[in-house]
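Visitor: Could you walk me through this structure?
Guide: Gladly, here it is.

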Amino acid sequence: MSLLLCRQEAVSRPYYVEALDVHLYSSQELCYVIYHHPLLVMEDFVDERLIAFIRDELNMSFLAGKLEKWKASGENPDEMLFAILSECFYYSPAEISRYRQQVAALRKKAPAEFEKERADYLFSIRQYGKAVQIYERLLDGAAGGMDREFMGKLWNNLGAAYARLFQTARAFSAYEKAGEYLQTDGPAEKMYFLAGINPKLKERLKDTDREKEREWARRADLAKEEAAQSREILKLEQQLDKDPEKGLEEASKLVKKWRQEYRSMV
């Protein structure tokens, strides 16, 4: 990636990208987000709020006007992304050309495949609630046009997203559906894990091979041990041993942080 710091911008009101939980203070940072997160910006990223930021904070009125005209025309919205990259001079023409090819390849995918890829991307950046919306929309619109493996993957990924949102019953049901489509033990293993978290789900478990259950139990125990050894938890335990009062303050901050992270996921 080339870096051409040719613009000095005094941004007083940074642009907030909710999905990434970042504030942008320059055109270079805006270009970085566009270039490295195409699946985030290909759908309605360039809106009135972003155009106002480009005009008022980045002092790029020509580019803002160009984007407004293009948006009003209803033509290919991807061209607005290319215009931003070109006008800000952060990436080289060769890099922008590669980005065009990447976007074009994504656009050539079947609509359902493209939407699933978007949902998978949102899952990868912990936007589980948004991912759930896309997975469910795809499954609701399925009318025999998707093969069994694709349907199974949708149900499986929906289950994973619900599990990250701590909605264990919905996650269990999604994995149950995934198991009907996929010829693997993956969904059944995840259902076993969920039943360990939510005892009410145990009665819904189907009989499985005892050897498999022992292996799943071993993996579950290993996952719990790894979670208990997380850096934040270890640091908190050390603080509690050293200074219980300060440790409780740190625990309160950690819980607050987790709550904020959870809200951003939904």
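Visitor: Tyr90 and Tyr91, buried or exposed?
Guide: Tyr90 and Tyr91 are both buried, where buried means under 20% relative accessible area, exposed over 50% and partly exposed in between, with a 1.4 Å probe and protein chains only. This is a predicted model, in which local features need pLDDT of at least 70, side-chain atom pairs count only at pLDDT 80 or more, and totals for chains, interfaces and linings use all residues. Residues are numbered from 1 along each chain as its sequence is written, and side-chain values use heavy atoms, with hydrogens and water left out.

Visitor: Which aromatic cluster forms there?
Guide: One aromatic cluster is formed by Tyr35, Phe82, Tyr90, Tyr91 and Tyr99; rings of Phe, Tyr and Trp (its six-membered ring) pair if their centres lie within 6.5 Å, and planes under 30 degrees apart count as stacked, over 60 as edge-to-face and the rest as tilted.

Visitor: And how many aromatic pairs in the structure?
Guide: The structure holds eight aromatic pairs. One of them is Tyr35 with Tyr99, which is stacked because the ring centres are 5.4 Å apart and the planes stand at 20°.

Visitor: OK, new topic: where does Glu57 lie?
Guide: Glu57 lies in the loop between helix H3 (48-56) and helix H4 (61-73), helices being DSSP runs (H or I, at least four residues) numbered from the N terminus. Glu57 counts as buried, at 6% relative accessibility.

Visitor: What does the side chain of Glu57 reach at 2.9 Å?
Guide: That is the backbone nitrogen of Ser12, and the side chains of Glu57 and Arg13 are joined by a polar contact of 3.2 Å.

Conventions:
Helix = DSSP H or I, 4+ residues; strand = E, 2+ residues; numbered from the N terminus. Polar contact = N/O pair within 3.5 Å; in protein donor to acceptor, adjacent residues only side chain to side chain.
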